[in-house]
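Subject: Structure handover

Hello,

Here is the structure I said I would pass on. My notes on what was found in it follow below.

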Amino acid sequence: MTLYLLEDRFHYELENIMRMFYWRPEISSGAPDENADEYCAAAAADEGGSVRLSVRFREGETILSQEDTVASGTPEKEMEHALSVMMYKILSEATGKKPPFGVMTGIRPAKYMADLMEKGMSADEAERFFTERSLVDPRKAELCRMTAQTGLKLRQHCRDNGFSLYVSIPFCPSRCSYCSFVSKTVERDRSMTGRYVEALCGELKHTSGIAKDLGLEMQTVYIGGGTPTVLSAEELRILTGAIAECFGAPTEGEYSVEAGRPDTITEEKLLVLKDAGVTRISINPQTANDTVLAAVGRRHTAADIERCYELARRLGFDNINADLIAGLPGDDLESFKHSVVWAAETLAAENITVHALTLKRASFLRETESEIFSPDASDMVDYAQRELTERGYLPYYMYRQKGTVDSLENTGYAKPGTECLYNLFIMDELQSIIACGAGAVTKLRDSRTDRIERIFDLKYPQDYLDRYEDMLARKDGIRDFYEWARRDM
Ligand code: SF4
């Protein structure tokens, strides 16, 4: 299917709408050949005093069209919205699909709803706004409402001069087939982790000096990856020691580490984390189905996950997150239901994060492009929403990604009081995230204007090491940003 756009100005939104219905649409400027067998064309034609908006569609015998007229001077955003709604309705009719977030293509629908509510809209009004204006499915509008309500209560923890520290460990023991992450395999690059940790500690020191000069307060810490626990116990000791020495303890008392995969977890490593003051770890099963785990290249079983949870519990970890993925190839609804109940009952995870499978361009699965998604993904995430909320978990952050099965969402659920503030802060862009390490993205937020500025560390560990001085120099941008943000204060 080809999308023809007569004007470039609506290109971004309309292309996003198209991608929700067609796997790999062609995008073309100009008008379609009327004799072509398939096309979708959107146009806004000035007619002196008014603008005629139209969407035309043809696929074989199916021919559909919609038109609307708006006054000249109507803001472009409104015209874009009207075209999006027309296109969504036509493509729904033609394909039988109803992407659940309607024409809302943004990646943070729950943040959007929370912002509306913070500006004075009631929860009912906000929910209606979603379903009526943006054609969001009522189930998703309700999920956004619940997520927004939990998130709004947590926003009070966020302070203007606060920041969260993110530390990146971009290594994994092997690459899972659905993942586009740039992690190197540790077997092959084992020698690099020592040098990497040493360099990272230097970057942390440099960055902490800037944060101290600016009087910033570190509220939470998050060590992510990759799989941080691929580091040896000694490397973890060095890294956590450097964080403590440079930044002190997080003022919100929240310190998270992605322990990720059981094939990297040992008692010695968990003890290092415990001693360092880590309060929350992730041990991620993705599914309780061993056949599916093997098929996606995870080198562990559900029993291995259970053993890791037992070990972590014995060592005193009382806040553990379990990631689950809906839509993995070979998985089905019954198996997924079992995974959800197992994570809540057997693992008794305090946090359960339900991801919908997303295939980025660089994943092995995407490269093979066979029948990749389980057809039940939508029912799976709906089931998780019902089951987890009935069991006392509440959704508290949510985000969407491009390339996700059925245009679904990822939702973090937590038992009240165990939410990870960092996840909310970063997903809802509530405060600055200062990030160190290869692939890390520092996101600075000016609380007066909501302006966001990013500073990137190079993606690949070898490049990061080769251009280390440049990485340190880039961090000076933090100082520049805050000096700019604090002008006239
Ligand atoms: S899914 Fe996680 S563990 Fe697997 S390759 Fe990606 S980052 Fe590593």
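I begin with the ligand. Of the 11 residues around it, C172, C176, C179, T227 and R261 come nearest; a residue counts as near if one of its heavy atoms lies within 4 Å of the molecule. The shell is made up of five nonpolar, three polar and three charged residues. In that division Ala, Val, Leu, Ile, Met, Phe, Trp, Tyr, Cys and Pro are nonpolar, Asp, Glu, Lys and Arg are charged, and the others, Gly among them, are polar.

Two remarks on how to read the rest. This is a predicted model, in which local features need pLDDT of at least 70 and side-chain atom pairs count only at pLDDT 80 or more, while totals for chains, interfaces and linings use all residues. Residues are numbered from 1 along each chain as its sequence is written, and side-chain values use heavy atoms, with hydrogens and water left out.

The sheet

An open sheet is formed by five strands in the order β2-β1-β3-β4-β5, with mixed pairing. Its edge strands, β2 (26-29) and β5 (62-71), each pair on one side only. On average, neighbouring strands of this sheet are turned by 15° against each other, direction ignored. Strands (E, at least two residues) and helices (H or I, at least four) are DSSP runs, numbered from the N terminus, and two strands pair if DSSP finds at least two bridges between them. Angles run from 0 to 180 degrees between N-to-C directions, and axes are lines fitted to C-alpha atoms, for helices over the stretch in contact.

β1 and β3 run parallel and are joined by three bridges. L3 has C40 of β3 as its bridge partner, and C40 in turn is bridged to F57 of β4. Strands β3 (residues 38-46) and β4 (residues 50-59) run antiparallel, with nine bridges between them. One of the pairings is that of E38 with E59 in β4. β3 and β4 form a hairpin with three residues between them, and G48 in the turn has a positive phi of about 65°.

The helices on the sheet

Helix α1 (residues 11-21) lies across β1 (2-5), β2 and β3, and runs at about 160° to β1. Helix α2 (residues 76-95) also packs on the sheet, where it touches β1, β3, β4 and β5; its direction makes about 20° with that of β4. Contact here means heavy atoms within 4.5 Å.

S84 belongs to helix α2. How accessible is S84, buried or exposed? S84 is buried, at a relative accessible area of 3%; buried means under 20%, exposed over 50%, and partly exposed in between, with a 1.4 Å probe and protein chains only. The S84 side chain reaches the backbone oxygen of E80 at 2.8 Å. Apart from neighbours within four places in sequence, S84 is in contact with E13, L14, I17 and V103.

Two buried loop residues

L458 sits in the loop between β18 (452-456) and α15 (461-466). With 17% relative accessibility, L458 counts as buried. Once neighbours within four places in sequence are set aside, the contacts of L458 are A438, G439, D463, Y464, R467, M471 and R474.

D428 is in the loop between α14 (421-427) and β16 (432-436). D428 is buried at 5% relative accessibility. Not counting residues up to four places away in sequence, D428 touches R108, K111 and R155.

Backbone geometry

Most residues other than glycine have a negative phi, and most peptide bonds are trans. The following places depart from that pattern.

- G225 and G226 are joined by a cis peptide bond, with omega about 10°. G226 is in the loop between β9 (217-225) and α7 (233-247).
- A348 is not a glycine, yet has a positive phi of about 50°. A348 lies in the loop between α11 (333-345) and β13 (351-356) and is partly exposed, with a relative accessible area of 36%.
- D450, also not a glycine, has a positive phi of about 65°. D450 lies in the loop between β17 (441-445) and β18 and is partly exposed, with a relative accessible area of 48%.

Regards

Conventions
Polar contact = N/O pair within 3.5 Å; in protein donor to acceptor, adjacent residues only side chain to side chain.
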